[in-house]
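I opened this model to look at its charged pairs, its sheets and its helices. My notes follow in the order I looked things up.

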Amino acid sequence: MLSLNDNDFRRLITFIKSSFGIDLSQKRQLIIGRLSNTVVSMGYSSFTEYIDHVLAEKKPQDLELLLSKLTTNYTFFLRESSHFDYFQKTVLPYLEKTKTNHVLSIWSAGCSSGQEPYTLSMILKEYFGNKPGNWDTRILATDISQNALKAALAGIYDEESLSALPADWKRKYFRPTSESGVYEVADVLRNNVIFKTFNLMDPIRFKLKFDVIFCRNVMIYFDQPTKEALVRRFYDATVPGGYFFIGHSESLNKATTPYHYLMPSTYRKE
């Protein structure tokens, strides 16, 4: 395994922090463990050569590989299901009453391989499917990872990923592929999600402000100042009365966050 000297470690974590907001200052051994084989396989004899290349070239494919090695994209359908219960039983009735134009604006920020926005889309289809009026329930789903977005767009999932779904949802919204135990998302869901590449460190300048933002298990990689700045951008991009969900393992500082605390990992803009 290659060694990572202090200077190279500082150069790498500074670049990752400034470019993507990800704080790896306490992850030296993780970097060594996850990147050593990649550095060697790319033909470099040291971290110094590899980091020189990454910082000089900044090639998208190199940055994509770097991020995929150093972050974990683990997710499944109906993960942290209490959020989806609250979304269905509290948020959607509120939006149904208040959105007179029948247009919803929902953002899955850091959508990974698509399970979260597709789960939200199923709930929306179940809730509004028999309601009068033509509701626009399309969801914006963004991620910085091109590989994650490719997987989300492909919409191919194994049995384990679908295991928490109700059986009738699985029948309605997925179709078996030729491979045993592998399913493809139905077009009714695929067409309801708009996938885009987006770096959460960038200004948020979408056309509409959001009724609901899900950003779950993403900010675990950010230090406190980066997280607070991002939450402020989310807040500014949320409509009054809109909701903000984070992961169960995450929390916001109640004294500094502009959102109103509802319950653990659930907030609202008043």
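**Entry 1: a covered charged pair.** I began with Arg216 and Glu80, and both are buried. The model is predicted, so I read every value here as computed. Arg216 and Glu80 form a salt bridge, with 3.8 Å between their closest N and O atoms. Next I checked where the partners sit. Arg216 is in the loop between strand 7 and helix 11, and Glu80 is in the loop between helix 4 and helix 5, so the pair ties together parts 136 residues apart in sequence.

**Entry 2: other salt bridges.** I asked how many salt bridges there are by this rule. The count comes to 16. I looked up Asp223 and Lys17, whose side chains meet in a salt bridge at 2.5 Å, N to O. This pair links distant parts of the chain, 206 residues apart. Asp223 lies in the loop between strand 7 and helix 11, and Lys17 lies in helix 1. Lys17 has 28% relative accessibility, so Lys17 counts as partly exposed.

I then turned to a pair within one helix. Arg232 and Asp236 form a salt bridge, their closest N and O atoms being 3.9 Å apart. Both lie in helix 11, four residues apart, which means about one helical turn separates them. Arg232 is partly exposed at 40% relative accessibility. Asp236 is also partly exposed, with a relative accessible area of 41%.

I also found a network of salt bridges. Arg175, Glu184, Asp187 and Arg190 are linked in it.

Entry 3: Asp62 sits in helix 4, residues 60–70. It is buried, yet it has no salt bridge. Why no salt bridge for Asp62? The nearest side chain of opposite charge is Lys59, 5.2 Å away, and a salt bridge needs the nitrogen within 4 Å of the carboxyl oxygen. I also looked up what Asp62 touches. Leaving aside neighbours within four places in sequence, Asp62 is in contact with Met42 and His53.

I widened the view to the rest of helix 4. The buried residues there are Asp62, Leu63, Glu64, Leu66, Leu67 and Leu70. What covers them includes helix 1 (6–20), helix 2 (28–41), helix 3 (47–57) and helix 7 (146–154).

Entry 4: Seven strands form an open sheet in the order 6-2-1-7-8-10-9, with mixed pairing. Strand 6 (193–197) and strand 9 (260–263) stand at the edges with a single partner strand each, so one side of each has no neighbour in the sheet. Neighbouring strands are turned by 20 degrees against each other on average, direction ignored.

I zoomed in on one pairing. Strand 8 (residues 238–245) and strand 10 (residues 266–268) run antiparallel and are joined by three bridges. Phe244 stands opposite Tyr267 in strand 10.

Then I looked at the helices on this sheet. Helix 5 (residues 81–98) lies across strand 1 (106–109), strand 7 (210–214), strand 8, strand 9 and strand 10. Helix 5 runs at about 170 degrees to strand 8. Helix 11 (residues 224–236) packs on the sheet too, touching strand 1, strand 7 and strand 8. The direction of helix 11 makes about 135 degrees with that of strand 8.

Entry 5: Three bridges pair strand 3 with strand 5 (residues 182–185) in the antiparallel sense. Asp158 has Val182 in strand 5 as its bridge partner.

**Entry 6: helix 6.** I finished with helix 6, residues 115–128. Its 14 residues reach 20 Å from first C-alpha to last, close to the 20 Å expected at 1.5 Å a residue. Helix 6 is mostly covered, with 12 of its 14 residues buried. Among them are Pro117, Tyr118, Leu120, Met122, Ile123, Leu124, Tyr127 and Phe128. Gln115 and Glu116 are buried as well.

How values were computed. Residues numbered from 1 in each chain as written. Predicted model: local features only at pLDDT ≥ 70, side-chain atom pairs only at ≥ 80, totals over all residues. Heavy atoms only, no water. Helix = DSSP H or I, 4+ residues; strand = E, 2+ residues; numbered from the N terminus. Expected span 1.5 Å × (residues − 1). Buried < 20%, exposed > 50% of the residue type's maximum accessible area, 1.4 Å probe, protein only. Lys, Arg positive; Asp, Glu negative; His and termini not counted. Contact = heavy atoms within 4.5 Å. Pairing = 2+ DSSP bridges. Axes fitted to C-alpha atoms, helices over the stretch in contact; angles between N-to-C directions.
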